[in-house]
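Please open the structure in your viewer and keep the selection tool at hand.

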Amino acid sequence: MRHQGRGPLHSIGSLAPQSADAALYELFLQESSKQIFLDELGPEDSPSWKAFVAAGNLSYSAQADHLLAREDSPFWDDIRTPQKEDKPTILARSLAAAVTEGDKQLGSDHKAWQWGNLHRYTWAAQGTALAPRQAGGDHTTLNTSAYSWGENFDARLIPAMRVIVDFSLAEPMIGLNSTGQSGNPASPHYADSIDAWLKGQYVSFPMQPQNFDKTYGSKRLSLVPGK
């Protein structure tokens, strides 16, 4: 599943924030992680489970590996039951658990589910937290927005800055920071880029002095090396 185009990321095949199908798909991924591994590595507050989630975030993802292959893995068996479960059984349980969890978090009207009501961007720095925004995508999409399998849906990895360089142009660079150009919460430019970033928009990064005022305005801070 990949996002297409440079405008709002709502095209067919994308994990759009408003998509009910995306919500069910991601709930299934999250629940499958628990159905496969939690009986051996849990409970969720145990050091072993926390280490497992961290490993999936940083390097080898046992969750993805088992969904794509590993039909004979011993982890498919639920050690809490007397019978021996196989991969189809656990995946069926995962889908059922996904619907149950979705009903609890999003309500019983499945058509009204939205992936962005589970998955959100939250910017916080220097003791200042901005209002959460609906997120689309996940760790597999071009508009990367990864979360932690086995933990929660909070977006933890995003393209904080997007940059495009076209050397055929006189001004070759456009881009955008996800929040704003200033790191000072008191500045009007601390969070003024969020809406444009969510829509996939860009601004010019001029390299030629005659174009500075057009982009930056007349008020600039100039740092001159001492002699």
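Contact, in this tour, means heavy atoms within 4.5 Å. The model is a predicted one, in which local features need pLDDT of at least 70 and side-chain atom pairs count only at pLDDT 80 or more, while totals for chains, interfaces and linings use all residues. Residues are numbered from 1 along each chain as its sequence is written, and side-chain values use heavy atoms, with hydrogens and water left out.

Begin by selecting D103, which lies in helix 4 (residues 87-106); helices here are DSSP runs of H or I with at least four residues, numbered from the N terminus. D103 is partly exposed, because its relative accessible area is 30%, and that term covers values between buried (under 20%) and exposed (over 50%), using a 1.4 Å probe and protein chains only.

Next, select helix 1 (residues 20-41) together with helix 2 (residues 47-58), whose axes come within 9 Å and cross at roughly 140°, the axes being lines fitted to C-alpha atoms over the stretch in contact and the angles running from 0 to 180 degrees between N-to-C directions. To find where they meet, highlight S33, K34, F37, L38 and L41 of helix 1, and S48, W49 and F52 of helix 2.

Technical notes: Helices (H or I, at least four residues) and strands (E, at least two) are DSSP runs, numbered from the N terminus.
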